[in-house]
Structures are given as structure tokens and as C-alpha cells.
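Please walk through the structure below with attention to how its parts meet.

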Amino acid sequence: MQFIAYSRKTQYSIQLIYIHGFTLKPSKDVIDVSWGDKHRGGVQPLTFVRQVLAACLYPQLVHSYKLPEDVRQRVQSLLGACVGGSVGSYTPSGGISYIQCSVSNFISRRDGGVPSSPENIFMTSGSQRSIMHVLKLLVHNQASLPTGVLTAVPTYSSFKMMLQRLGAAIVPYYLDEEQGWAMEVEELRRALQASKGVCNPVALYVINPGNPTGHVQSRKCIEEVIRFAAEERLFLMADEVYQESVFGEGCEFVSYKKVLSEMGPPLSHTVKLASFHSASKGFMGECGLRGGYVELVNLDPTVMRYAYTIFSTDICAPVTGQLALELMANPPRPGDPSYPTQSIQAMLVHNMNWVPEVLNNIPGISCQPMMGGAFVFPRLYLPQAATEKAKVVGMQPDLWYCKRLLEEAGVCVGPGCQYGQKEGTHHIRYNPLSLSLATVLKRLKDFHLHFLKEFS
Amino acid sequence: MAVSLIEKYRNGCRPTNPRLPIVHIFCFSQASCSEAKCELQKRNMTENGLGHRVLNMDTMNPNVKRVEYAVRGPIVQRAMQIEKELKEGVKKPFTEVIKANIGDAHAMGQKPITFLRQVVALCAYPDLLEDDKFPEDAKNRARRILQACGGGSIGAYSASPGIEIIRQDVAKYIEKRDGGIPSNPDNIYLSTGASDAIVTMLKLLTSGEGKNRTGVMISIPQYPLYSAALAELAAVQVSYYLDEDKCWSLDVGELRRAVKVAREHCNPRALCIINPGNPTGQVQSRQCIEDVIRFAAEEHLFLMADEVYQDNVYAEGCQFHSFKKVLFEMGPEYSSVVELASFHSTSKCFMGECGFRGGYMEVVNMDPEVKLQLTKLVSVRLCPPIPGQALLDLVVNPPQPDEPSYATFIKERTANLDILAEKAKMTEQVLNTVPGIHCNPVQGAMYTFPRLSLPEKAINAAKEKGQAPDMFYCMKLLEETGICLVPGSGFGQRDGTYHFRMTILPATEKLKVVLKKIREFHKRFTEEFS
């Protein structure tokens, strides 16, 4: 597995290096599974996607290279939608309208016919950028109390960093590990209550399927969350970038928008919702192309006008990202020449079922069943001596564990302290969607047993 | 929760008591509130009586209200609407909308550079490496880039500051451009267009409260990304005026005046300069750059040099000098002290690849602690798009004379820049033949920013409509000719003066037609309002 040499530091995980400032000794070979990045993990891109992309970048290919008919047609439609027929032109700020339409049709189909309007869709450089823009509308950094956003514990770290940058306060609500990391409305209520006088909570941020937990919310849970948001007048931010990665038995992704619509008026007309999706996850895994979008639901028309201005200061999303979104929204159908013969879904399901089992069989590690998403988030039961040693070194115990795992076993994972967890518990997060998964598990097991022995 | 009455009136809606059932809401015909939308708003509020408390004009971040970005503002939105109408078959005095409002070369028909597109296509679909129709040098570049990508794919995230070998290539390019002055790859941050890096730096620089709030100096006129970012960050904009009578040159005396006044109400910390200029196109002389550097050193200001148009220099006697080069040639008294960030992009110059969102910044003399913060700050947005990074790599590492693609590359590059130079000259000449329009020479960049003499009656008519006079002019121009320009008020200008910004990018024949139509329109306009 490749790693990037970066001056005298060896850079493995963006989180580890830049947030905690590690200086690591280079190891013989390093497997970096701390990213939610399929391609980095060795999964091949989809041929259809790359053929379309290449021919859009270099249109001469349409005539000079043997491409399947559906690729040719798609390229022609997409280039026809670009100004001047070039992917090098700027696009309107919400995105190329042909693609906004494709995306809104995708959303409608996914939601069993619930209407979706292209003007409510804004494409950006990755979903993180959309999230940032929506937060900009919500966060006042000049009010007497900071703006609060209800955020799950655990949650991936970039979101928390974004809140900090904007001067917003995190209002933590704990997911229930014993219940497979489920979200409970009672806990939301407790969190909101605890925030009184500390900040002014305006929004509730939900990730479904979860990151790092992979928990897939039931429809009932989603309804309860929506009702809670309506009662407490919270803006709902539903980060649904892992919606295509669902494999747990009996699990099904249903979008917040669909549930909201099916709950009928008054809620369906009044609850304000932003749903986020991306081409970085799911079956395409095209993280590097930076294609994300937000669908804004029930926003005031006057606010929409300002939303447009905020999005327009980026000028537009990268065209390659917009193309990726179109291909995600509108993949080849059965019967099309490029319809894939091999199912990536099958590979995913196979991967996910046995991983928690293996982890549960390692003494000192427990793991909830994987329902979806891109990560496993197993719990570590660290010996007292180990946690004390970590204190002496001046690091969170699971961060120190990760450092040692990297240095001694050549495996790079993320520490639970980065995502948040109940006091006194420790976790690690890593991406099992990697061709090196078996090796990772073996090395992890060997290291963990050795570690337990050292501190018993 | 008390609802601000003033806010409600400003938004064109009568105030209502949130605790009573909503009976009636009036909406004046403001730009934002159409009747239908207000009806919907009324229904929303009636149905749960609470809708107004979640995100609305009162609860929205107040800084957002101050953000304006003229290049994508109301006139462009109207232009898009007209385009829709034309498509639907509505009859107009013209058959197409010519969007001369944005610096987008490809949109106006400029063809992409072959070599650049070949390499990115090879990166996108590596199977093409087997195809013998691609030249060997393109294949080598692609292989090198792919090797540096996670999993050998442009679909993998890269490190947040960008792919390492590309940062190295950028540093080498800068060294070569600046006559050997060293550039450290660790100081190079790749970005999503130059805008991303500019806003990141402004974020980093903005702090303090009240009189200690960061002030950022920016030219008038300026590219409105700066004013928009400063409004959103609630930093203080400190304007310094470029001298229209002296070809939009920068005078240090004016910088001194501006900073002196600013120190009374804020803490000036940065000085932004766009060279070659946008919208004015002026190319700073070497002497001027030295003066600015000296001024920044004296006043302890962080220099931000926006150099995205560095290849777009046309006028005789003008030459691009990078701020970094001049800084280092001024010796250690300045080069070891002055803090500088220089910005570049793949959107302009000879490539015009706006849609790729490729760019970088180089930081010089940045405090190591601050640099760590900068590195953390960029990590929040994960990474810039890989295709944009790849394209940037080719721009800084183009075909060499001994490589197969060299001849075509040079031919295409030279042609693009030569055509722009011709159009710059033609534009200046034609506009200066129009009585009431005065156009400074377009020394560089991609725009002209001519001054308009508007009749008193027109100015009054504009005021009645609640529009800036040059917006009024541009709107009328759009409705009558289909030509979309951006009014000078969107960039800033001296009080009582009026301008528009037009790009020089339309194809030569089309540009001739555009200039002719503007000339005719101006005559009509002047007559109508005399």
C-alpha cells in the first residue's frame, strides 16, 4: 500500500498528522485504512464513469476510441449541457441545470415519487462545502450566546472542526452503543436541556447511515427525530452520503425527505431540512473528483436568495465533480452496454458480515454489527496500566494505542477520541472496504494480544 | 421571542405578532418577494404558527445579508432568465445572450489546450495508456501523476495541501519564473481555484473585536470576491483608490491615506493587491511593486498578491513582475521580514480552465505556528479536486522543447495569448470612439472597465428605481441588446463615477458586433435621457 512521503514526516493519516502533530518513524510497509476512501483501499473505479469522464475531458475520444454506445451518448448529452461545449467553463452556481435535473429525478425516484425541484439543489466541491455554506446561514457569531448545533457523539472530526471555525457550539447527544449506536429522542431532549444558557441551539445534525458508527436509522426513529426537530424549532441537517452503503440484515435506507413528506402537513410543509449527498461514497467512491450536493427543503424564499449568493462566492463546483454526480444519479440500467456484470454490493455485504465477528473474537475488543456506512468502530477495553501509561505520555489512551499500532504493526486507523465517545471508553475507526482487510485484521489481532500481554 | 419590526419592514413585509394566528401579510414588490412566494410563506406560518422561528431573515446569520457578489448578481440572474425566455420562443430584439460578464474563456469559444486535456483524460481512464494515439510525453506525465495518487486513482482523496509531487513541481515553476529565487514545496498549498486560498487566508487573518477588528486593504475597484469574503467574515474593508486618470495605477500616498484613516476604527493587518488588475487590467510597474512592499513592511501588513492573470500581459512596455521576485531582489531587509501570500489559478492565462477549479498559493515568511493553523484549516475541506491538481501540474510543467507535444503546445498557447492581446487593443480603440465612454488601455488580464458619462436624467431615473445608475444602464443594455455586462458599482468606484466591466473574451467577430452594439446603445441611451 502506498503512502505519501511528506518532507521528513511520514504522512499516513490526515487526522493523525495534522491534528495531533505526530512525527512517525517510517515503517516497513503501512496500510492506511483511516480514510473513507475506496480507491485508496484498492477498489477499482467503475469503467463507465471513467470512460465518460475521459471523453468529456478529451472529446476527440468520442470518435477516435472504441467506446460503448451508452458512453458516447452520455458524453454528448453532458458536453451539450456545458457552456461552449467544454468542461473547462464555469457553470451556474447551483450547478449545470441538466445535472440539477438529473439529481432531482434521482431523488424523486429514490423517494418513491416525492417531488424534488432542481432549483433547490446546489452542487459543491464535496458535500463538506455544502454543509459549510448551510452552517454559514445558521451560525451567528455576534449574538450574545454562541449558536449551537446538536451533534452526535461519535461524529467524524471535520464537521466538528467546521463548527469550531465558525464559532458555533457543539451540543453533544450520545448514540447508544449497546443498541447498535441507535439514536434516541430522550437523549436529544436531555442534550437540548443541557444547552440552555450555554448556547442557542438552532440545528440538529444527523448522519444516516452514521459516521463512524455505520448505524442505519429505522423509519420510526426518523419520524421521531423529525417530530422533535419540529417541536424544538430546529433546522434539520441530514447528512446522507452513505445512503448507498447499506448491507445489514433487515436494514433499509429511507431518506429524511421521504419520511418528512409521508408525515404529511403541517410538518411536511414547515420543517426545514437540508439533505446532503456525495459522489465520494457509495458505489462510485470518487472522492477525488469532489462532487457533492445539498437539497434545501422548505426554506423561506428570501433566505434561498441569500443561500444562492453564498454558494455563488465559490463561483461553481468543479465540473468533474458535477459530472460524477450525474453519473451517480443516472447510472447504466440493466440492458445498457455498460451495465456492470459484477456487483460491488455483493463484495460489500460479504466484507461486512464477518468483520464484526472476527473483532468480537479478539479478547479486549467488541464490535457492534455493521449495518452500513464505510467504517467499523470497535470498542477497545484497555488495561488500567495502559491508560495510565498514556496519561504519562500526555495522550488520550486510544490515540496512543493508534500510534503504537502504526509504529509496530504498520496499520493506520483513527482513534475514538477524535470522534467523541462516552467518558472512559475507547474505540478505533477504520475502513474495512479495502483489499488488504484480511491483513489488517491479522495485524490488528496480533498487535492487540501483544499489547494486552504487555500491560496485564 | 420579540420580532424586530425594522427587519420586517426592510424585508417588505408588514410586522405580525408571532403569538396570534396569522391573518394577513402584505408584501411589497421587492426583488425577493413574489406574490406567490409570500402566499406560501403565509400558509407556512399559519399552519404551525412557529415556522418563522427556524431559519428566516431574522434568525439568519446577519453577516450573510451583507454579502454581494456582483459577477453572479442580479444582472446575471436576469440574463439567465432571458436565455430561458429565448429558448421558450419569446421574441426579443436579439437572438442570443452574450455573457461578457465573467472571465470564462471556454464559454466564449476558446479551445482547450490539447496536451492538457490529453493528460487529464489519461489520468481519468488509464486504459488509454495502451492507445498509441496519445503522445509519449502525455503518457509519461499521466503515469507520474497516477503514481502519486492513492490507489493509483484520481478518485482518491489527496493530502489536504495537495499531491506532494505537484507541490514540488509548482515550487520548481516558481523558481524558474523568478530567476532562481528558491521556493519550498512546504510553502505551497494547492486549492480549489485561487478563490479558495484567498478566502482561507482572509479567515486566518481576521480576528479581534471593535476597534481591534482586522482591517484588510483592497483596491477600489476590486474583484468582488474580496468584499464578499470580508463581509461574511465581518472583517473591516479598508479601501484604497486606484487612479483612473493615471491608467489605474496605484499610488503609495493613497495607501498611506487609507491606512491612517483606518487605524482610527480598526486594526489594519493585510494589504490585497491584484496584479494584473481585475477589473482594471493595469499591470504594476516594478517600481510600484517595490513601493508597495516597502509600505507593507513599514505598516506591518500581510501582503496578499493575487497574480492569477500573470500570463495575460499585452501592452507594450508592460511586464509581469511577481511580488515574490521583487521582494527577494530588495534584499534581506525586506525579504526576511515581509509576510506574503501569492495566488495563482488554472482558470485564466492561456488555459482558461475555469471549471477544473485548480489553483495554489505560496506563503512566504509565515510564522510557523500560524502555518500549522493554516494546515489544519485547509484540512477541513479535505482536498482540492484531483483533476484540477493534475491540470495545474501540467501548467507548471509543460512540454519541453525536446518533447513530442511541444510544437503544438506552444502554437496553441501563443495563439490564445496573441488573440487576447489583439482583442484588448481593439476593445480599447473602439470604445474610445464612443462619445461618453472613456476606456483606459487594457494592459493585461481579461477585462475592460470603461468610464461612462451618464446624463443627469438617466441618473435620476435610476435613483427612482432604486438602482445604481450603472446598474440601470447595464440592465437596459441587457434588455435591448442581450449583452450582459457587470456594472461598476459591483466592483467599487469613486462616488459620482460610473463604469461597466466587460470581458474581452468573445470570439473576435462576435466581439466586433458587441462593441458596435454598445456604441449604438450608448448613443440611443444618451439621446433618450438628454
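How many residue pairs are in polar contact between chain A and chain B, both at pLDDT 80 or more? The count is 33 residue pairs, where a polar contact is a pair of N or O atoms within 3.5 Å; within protein, one must be able to donate a hydrogen and the other to accept it, and residues adjacent in sequence count only if both atoms are side-chain atoms. The model is predicted, with pLDDT of at least 70 required for local features and 80 or more for side-chain atom pairs, while totals for chains, interfaces and linings use all residues. Residues are numbered from 1 along each chain as its sequence is written, chains are lettered from A and ligands numbered from 1 in the order in which they are written, and side-chain values use heavy atoms, with hydrogens and water left out.

On the side of chain A that touches chain B, helix 12 (residues 301–312) of chain A gives the most, with nine residues; helices (H or I, at least four residues) and strands (E, at least two) are DSSP runs numbered from the N terminus. That side of chain A has 41 nonpolar, 30 polar and 13 charged residues. In this classification Ala, Val, Leu, Ile, Met, Phe, Trp, Tyr, Cys and Pro are nonpolar, Asp, Glu, Lys and Arg are charged, and the others, Gly among them, are polar. In all, 84 residues of chain A are in contact with 94 residues of chain B, contact meaning heavy atoms within 4.5 Å. About 7,600 Å² is buried between the two chains, and carbon and sulfur atoms give 60% of that area. Buried area is the accessible area (1.4 Å probe) that two parts lose on being put together, summed over both.

The interface of chain A and chain B has one salt bridge, defined as a side-chain nitrogen of Lys or Arg within 4 Å of a carboxyl oxygen of Asp or Glu. Its partners are Glu232(B) and Lys136(A), with the closest N and O atoms 3.1 Å apart.

Next come the domains, whose bounds come from an automatic or database domain assignment. Chain A is divided into domain 1 (18–32 + 344–455) and domain 2 (80–329). Their C-alpha centres lie 29 Å apart, and their contact takes 23 residues from domain 1 of chain A and 28 residues from domain 2 of chain A. About 2,100 Å² is buried between these domains, 59% of it from carbon and sulfur atoms. Gln368(A), Met371(A) and Tyr419(A) supply 30% of the area that domain 1 of chain A buries against domain 2 of chain A, more than any other three residues.

The buried area is about 3,300 Å², with 57% from carbon and sulfur atoms. Two salt bridges are counted between domain 1 and domain 2 of chain B, and 18 residue pairs are in polar contact.

Side chains of opposite charge can pair when their charged atoms come close. Over all chains the count comes to 52 salt bridges. One of these joins Asp169(B) to Arg144(B) at 2.8 Å, N to O. Asp169(B) lies in helix 7 (residues 164–177) and Arg144(B) in helix 6 (residues 136–147) of chain B, 25 residues apart. Arg144(B) also meets Asp393(B) in a salt bridge at 3.9 Å; Asp393(B) is in helix 15 (residues 386–396) of chain B, 249 residues from Arg144(B). Asp169(B) counts as buried because its relative accessibility is 5%, with buried meaning under 20% relative accessible area, exposed over 50%, and partly exposed in between (1.4 Å probe, protein chains only). Asp393(B) is buried at 0%, whereas Arg144(B) is partly exposed at 32%.
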